[in-house]
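Follow this walk through the model with the coordinates open.

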Amino acid sequence: MHALLINGGSKPEINYQSHLHHLEDMVALLESRGVPRERIHVFSADGERDAPDLAVRDTIPEGFWLIKGTGPGQRLKPETELTNTDWQGVEIRPARKRMLRRWFNSVGRKLDPNDFLLLFVTDHGTANRDDLDNGAISLWNEKLTVNELREMLDLLPPGMRTAMVMSQCYSGSFASAMFEDGSDEPSGGVCGFFSTVRDLPAYGCYPEGRDRDRLGHAFRFIDALKRNVSTADAHLEVLVTDGTPDVPLRTSDSYLGRLVAEEAEFRGETVEALVERLLEEAWRDRADWEPEIRLLDRLGEAYGTFSPRSLKEIEAARADVEALNERVKVYARRWQMTLDSVKAENLTSFREERPVWKTRLADKALQVLTPDQRSALLDELLPTLEAHARSQPDIWARLEDLRGRAGRAAQAGWRMKVRDGVLRRMRTVLTGIAGRVLLDTEPAAEAAEDRRRQQRQALEDLEQCEAFEPGVLPQERLAAARPPLNRFPPLADEIELLEELLPSWLGVRFGQVPSALRSGRELPPGATWLRAVFPESPAMAAGLETGDIILGPPGKPFEAFGQLREWTMTSPRKTPLKLAVLRAGAEIAEDERFESTLLLHPYPLEWPKLESPPQVGDEAPRLPSGLESVSRVALPEVDGRPHLLFYWATWCKPCKAAVPEVLAYADAERLPALAITDEDAAHVAAFLENRQEPFFEEVAVDIRRRSFISYGVSGTPTIIVV
């Protein structure tokens, strides 16, 4: 036996240390199974060249969650360090096409036809959208396609067999290497095991030290070979133990899938319809399929789903999982956003109480730090910041509560992704059963009998190749215990968890209170301005309007921006709740303060649609009632007739420069013109009193900015002809 281990890496920044760990683990495994070191050939990155070619990521320090998602957190997150691959005692060749061709032309050609080659690839992969059967793996600064690899394999002695184990994205594309040039059937000279199908990425390629370590197909396959005699047996274990959304498959799976697809096309029916009919035939004697049924049972048990017997069952389950996944993604995103707001609130109070840290955590100060200085700063900051948070029981309780909710939602989301991958694995198993039934069915045409016999032989040859034994498994490992099942909770329990994580919903869009509205009014720091109120929402039912200012629950005003979201999401539904509201008048003396009683709703997956700002040619929104005139004449009646709106501000120099031309245009077109600002009426009146240059005769104040919102005005001057 010989082993050819490849990690192209592509370039230093994405040649992750996990790739090197894959190679190290595989070498250790092969040596433990008696394969001599001189028969293990390693091609990785730039080889033994003394230059940085490996990305090493520091582990996330404990307590970093307190600043993750904040500005300083972005600046201080551990960065990838580039280093040189250092592997004592192992010769590392550059992962370049010319070096691989040289190996196949020299070492490969001299191998014996009875030898066996294990081709192990841990790397990045790319899909070929024009030809999914000719994807590529990344070598060092170049790519190697399926066709190019097939040409290299053709240099091996005739009759020699090669088993591939590949964990890169879109690795299933390389299953097509089982076909030799011009051959309709695989010879069994090339077989393989792949982390995923040809049109899906893989989840095992990640920077070292991120959320999950030693994750994915490569680690699972190597681990399985510590207990299983053959690569075929290892693959069956990986199908159950790989707790990622990957869809591991073999060349025999790919071949059977092709046969079923070709037969369905020949018969003029869908693949699904043909598979269902073939499965009905298979289930007439289920004892014949006990290993496959046991595999389906183990998958269902491990991942909290079920053990299917038809594609219809799988597709129905996938639809349910997809719907649940959409829900949990929304929930996780909202809980994380709310948690980040409270972290920012805690960080703000921390900096305000400690001026030294306010200076040290300023953006400019963080930008100039070296990696070592950032690490030292984190070591000093995180314990101090946590102590600050713990010293405020309310803040700490909110942080822990929201962190728990966000974490549970994120974990549930990951499990949903994994379940979808598991259901795809089950589909592969069922399609394989259907393919085997098809091969046992004699074709209607006599001329096709020879072809069917060739197909049966091709499958048998592939399976012999897949049953490859990489060295000799030590006797003591034969009785090694299999790893425990993942044991995901049943889907019914996930649905209960989602109900617990379901946020409450008010039905508003909000922002910071505009400075014109905040000026002169005593508003709490967390006062929130409603930019929109959704139709049929709890907010609309409670009488809240666009432009209202939410102060907080009566007697407990919001102390930081974003607390409205947190209050809403964590408050109970179907229980009357009160919020203190300010509805601004044209003058502060005309402000209205009141309490609004609400009944919150469950968070919707799809929000009601808001009216979008009008486009040219649309029907214009009506101007809201309550616009106050600050001009010497009454506001013109503009509804139902052509007119011009001029959105401006007293401080806006381009607005003032535009006035003469806009007035001339309005006069030439005989258009009533109305100037609208969101500033305080008294301030605008003083501006008009002191202005000597010509100005609009009709000027209105929209202190609540309702017409700004309905027309989508985002800057001044904005000139609208209606």
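Helix 10 (311-353) and helix 13 (residues 371-390) have axes that come within 10 Å and cross at roughly 100°. The two helices are therefore roughly perpendicular to each other, the term for angles of 65 to 115 degrees. Axes here are lines fitted to C-alpha atoms over the stretch in contact, and angles run from 0 to 180 degrees between N-to-C directions. Helix 10 makes the contact (heavy atoms within 4.5 Å) through Asn346, Leu347, Ser349, Phe350 and Glu353. Helix 13 answers with Leu381, Thr384, Leu385, His388 and Ala389. These residues divide into five nonpolar, four polar and one charged. Ala, Val, Leu, Ile, Met, Phe, Trp, Tyr, Cys and Pro count as nonpolar, Asp, Glu, Lys and Arg as charged, and the others, Gly among them, as polar. Helices (H or I, at least four residues) and strands (E, at least two) are DSSP runs, numbered from the N terminus.

This is a predicted model: local features need pLDDT of at least 70, side-chain atom pairs count only at pLDDT 80 or more, and totals for chains, interfaces and linings use all residues. Residues are numbered from 1 along each chain as its sequence is written, and side-chain values use heavy atoms, with hydrogens and water left out.

A cavity is a set of points, on a 1 Å grid over the protein atoms alone, where a 1.4 Å probe fits but cannot get out; lining residues have an atom within 4 Å of a point. The whole structure holds two cavities of 30 Å³ or more. Helix 19 (563-570) supplies at least two. Among the lining residues are Ser341, Arg398, Phe561 and Glu566. The lining divides into three nonpolar, three polar and three charged residues.

Now the aromatic rings. A search of the whole structure finds 16 aromatic pairs, with ring centres of Phe, Tyr and Trp (its six-membered ring) within 6.5 Å. Tryptophan 505 and phenylalanine 534 form a tilted pair, 6.2 Å centre to centre with 50° between the planes. Planes under 30 degrees apart count as stacked, over 60 as edge-to-face and the rest as tilted.

Definitions and conventions:
1 Å grid on protein atoms, 1.4 Å probe; cavity = no way out; pocket = protein on both sides within 12 Å on 5 of 7 lines; lining within 4 Å. Points joined across faces, edges and corners; volume = space filled by probe spheres on them. Parallel < 35°, antiparallel > 145°, perpendicular 65-115°, else oblique.
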